[in-house]
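Welcome! Please take a moment to look over the sequence and the model below, and then we can walk through some of its parts together.

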Amino acid sequence: MEHQSRSRSQLSPSGDTEDIVALLAPRLVHFAGVARTEHVTRAAQEMQVPQSTLSRSMARLEHDLGVDLFARHGRTLSLTPAGRTFLASVERALAEVERAADEVRADADPATGKVAFGFLHTMGAETVPGLLHAFRADHPRIRFSLVQNYGEAMLERLRAGELDLCLTSPVPDAPDLVARRLDEQKLRLVVPADHRLAGRRRIRLAEAADETFVTLEPGYGLRRITDDLCAQAGFRPRVAFEGEEAETLRGLVAAGLGVALLPPPAVPRPGVVELTVTSPRAARAIGVAWLAGRPDTPPVAAFKKFLLSRRGHLLPD
């Protein structure tokens, strides 16, 4: 008869999962404690919970589940088969919660915490390693999760909570983000070493109107800047190849497959000549962005302060 009454309990197989978790979660630690001691009084003493509270918690848990978790033997208890099955899952769940709590506490530790930091591919060879080296002189144990991607993809990861900060270009202007301009990087017109313009040091971009361009794919910030600069120069670039990394484009230029507007390389590449663009002004702004309204952990706050202190001298000379 008791089982029949419990089968009409609050929970059912078709119940909403979130409702079930919210209903059961507060009682799981109590259940694990009682199951471990098999004695309500001893469990109450260990957990520093009134015995009456613990007894009501177990009775309510059994009622909500609709099954007997314990067999009563006077003042002692023993787990039923259903109780043993439930305990195994509860212990795994509680261990996972404890592991997660330890992880987030560790990530927020001022001395040894973690920063999830995103940056453009073109920042990866020289700029970011130099920044991290300088920062860790004063914060040697802070850890980093590093993500290289194009600007829009990083901003989406920022919004999703997967990144704390990112270096990007152009500097975003969006109501849900905070962005600060840190530096400016000049762009050059890169041509093959045997190109008709290779003997020049400076060039107006309009002089390349008839050239074939190799560019980054649409959606990349540098592609948008390239299109805008060409428009200012009075033409639309004829694009033959689209890639995902600046150094790949440099290789395509060296192979004679086109010209490109690119930031300076970390190491000079043979087979190409890099020309200063005098008109229009060819440069891109580099900035740091983060999600508005999200509190910083101490490691993130420290690295953000460091990046902002580099305004005007973020990039290597």
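Here is a short tour of a helix pair, a hairpin, a sheet and a loop.

First, some ground rules: this is a predicted model, in which local features need pLDDT of at least 70, side-chain atom pairs count only at pLDDT 80 or more, and totals for chains, interfaces and linings use all residues. Residues are numbered from 1 along each chain as its sequence is written, and side-chain values use heavy atoms, with hydrogens and water left out.

Let us begin with two helices. Helices (H or I, at least four residues) and strands (E, at least two) are DSSP runs, numbered from the N terminus. Helix α3 covers residues 40-47 and helix α4 residues 51-65; they pack at an angle of about 115°, with their axes 9 Å apart. Axes here are lines fitted to C-alpha atoms, for helices over the stretch in contact, and angles run from 0 to 180 degrees between N-to-C directions. The angle makes α3 roughly perpendicular to α4, a term that covers 65 to 115 degrees. On the α3 side, V40, T41, A43, A44 and M47 make the contact, and on the α4 side Q51, L54 and S55 do; contact means heavy atoms within 4.5 Å.

Strand β1 (residues 70-73) and strand β2 (residues 76-79) run antiparallel and are joined by 4 bridges. Two strands pair if DSSP finds at least two bridges between them. Within this pair, F70 stands opposite L79 of β2. The hairpin has 2 residues between its strands, and G74 takes a positive phi near 70°.

Now for a sheet. Strands of a sheet pair through backbone hydrogen bonds, either parallel or antiparallel. In this model, 4 strands form an open sheet with mixed pairing, in the order β8-β12-β7-β11. Both β8 (202-204) and β11 (260-262) stand at the edges with a single partner strand each, so one side of each is left without a neighbour in the sheet. On average, neighbouring strands of the sheet are turned by 45° against each other, direction ignored.

Our last stop is a glycine. Where is G124 found? G124 lies in the loop between β3 (114-119) and α6 (127-135). Leaving aside neighbours within four places in sequence, G124 is in contact with F119, P129 and Q148. The C-alpha atoms of G124 and S309 are separated by 20 Å, and these residues are 185 residues apart along the chain.

Key:
Angles under 35 degrees count as roughly parallel, over 145 as roughly antiparallel, 65 to 115 as roughly perpendicular and the rest as oblique.
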